[in-house]
Amino acid sequence: MTTYTLQAKRRRSALRTAAFMAPWLIGFCVFFAYPLISTVYFSFTSYDGFTAPEFSGTKNWAYVFQDYPLFWPALRNTLWLVVVMVSCRVVFGLGIGLLITRIKSGAGVFRTLFYLPYLAPPVAATLAFVFLLNPGTGPANSLLGAVGLPTPGWFTDAAWSKPALTALAVWGVGDLMVIFMAALLDVPKEQYEAAELDGATSLQRFRHITLPNISPIIMFAVVTGIIQTMQYYTQPFVAGKVASGVMGGSGQQFEPGYPDKSTLTLPQVVYNLGFQRFDYGSACVVALVLFVLAMAFTALLMRRRSGLIQAGD
């Protein structure tokens with residue numbers, strides 16, 4: 001076979017491979033690469049969405065990190081939600097999944113009851129929680145007061161607003177419950193039977209059999225939970241707006257974060273800068289911070305997961 005024939009075959013193979021990869025490459029370029037490059041470019045420009053962007057150097061970065069009053073509270077709140085909310089959702093989702101897989105009768109009913117809250121629209125669920133946790137008229141505080149427990153301010157108290165949002169997120173944990181149930185039912189029963197014959201307790205079986213088998217699913221739940229929480233916008237915005245009494249209307253401007261910037265998140269800051277103040281350059285800076293944080297969390301978790309796998313081997 002001549003050199004020319006080999007080159008022609010390799011060229012045809014490369015073209016065939018490129019044709020199969022074209023849909024993914026086009027999607028990657030249009031929906032990821034181009035927006036990311038544009039965001040980096042606009043972060044170094046002065047741009048209001050109407051006039052042509054003008055290069056401004058690091059002015060936007062200095063403004064966001066030094067002068068913009070909402071950035072650091074939003075960053076702290078977002079990191080708090082990432083750590084606490086994601087942890088609570090994973091723990092409760094796994095716990096409910098374990099509970100339902102061990103129920104002998106009526107498991108389908110309980111599975112449906114726990115999954116239904118996840119189907120509630122985010123705005124409707126948030127409105128319901130705000131009214132249920134209303135410190136003056138809500139049934140939650142009425143019940144707590146009836147049994148002599150403290151009655152928090154919830155969405156009207158800066159110290160309790162993020163725990164209230166966490167309770168809302170845990171209430172809708174049905175998606176993780178279903179994922180963990182599928183993983184738990186896939187664990188080989190022979191391993192449990194062998195452990196029981198060796199006299200292992202329930203805690204030992206969970207630690208040495210259940211956790212190693214479902215660890216990839218736990219990692220998936222944590223990584224996707226972090227990415228979702230980094231985009232957490234609707235629930236804290238609606239909760240703050242309703243709790244503050246500003247329901248919207250013509251000419252009304254609502255500054256997010258009520259009460260006392262405790263429900264402020266980075267996506268709200270992006271919206272505030274880009275669509276309320278028309279400062280797209282600064283909004284792109286915050287968007288890049290979100291991107292870097294999400295990538296850093298994901299890389300750290302994946303690296304730790306790889307280290308655990310190697311240690312286990």
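Leaving aside residues up to four places away in sequence, Thr-229 touches Thr-78, Leu-81, Val-82 and Val-86. This is a predicted model, and it places Thr-229 in helix H10, residues 202-230. Thr-229 counts as buried because its relative accessibility is 7%, under the 20% cut-off.

Now for the charged pair. Search the whole structure and you get one salt bridge. Its side chains belong to Asp-175 and Arg-89, at 3.0 Å from N to O. The two sit 86 residues apart, so to speak at distant parts of the chain, with Asp-175 in helix H8 (residues 174-185) and Arg-89 in helix H3 (residues 71-101). Both partners are buried.

Here are the two atom-to-atom distances side by side:

| Pair | Atoms | Distance |
|---|---|---|
| Asp-175 and Arg-89 | side chains, N to O | 3.0 Å |

On to the largest pocket, with a volume of about 630 Å³. It is lined by 29 residues, and the closest to its centre are Arg-89, Tyr-118, Gly-172, Gln-228 and Gln-235. The elements giving two or more residues to the lining are H3, H4 (107-119), H5 (122-132), H7 (161-171), H8, H10 and H11 (234-244). H10 supplies the largest share, six residues. By class, the lining has 18 nonpolar, nine polar and two charged residues.

Note on methods. Residues numbered from 1 in each chain as written. Predicted model: local features only at pLDDT ≥ 70, side-chain atom pairs only at ≥ 80, totals over all residues. Heavy atoms only, no water. Helix = DSSP H or I, 4+ residues; strand = E, 2+ residues; numbered from the N terminus. Buried < 20%, exposed > 50% of the residue type's maximum accessible area, 1.4 Å probe, protein only. Contact = heavy atoms within 4.5 Å. Salt bridge = Lys/Arg side-chain N within 4 Å of Asp/Glu carboxyl O. 1 Å grid on protein atoms, 1.4 Å probe; cavity = no way out; pocket = protein on both sides within 12 Å on 5 of 7 lines; lining within 4 Å. Points joined across faces, edges and corners; volume = space filled by probe spheres on them. Nonpolar A, V, L, I, M, F, W, Y, C, P; charged D, E, K, R; others polar.
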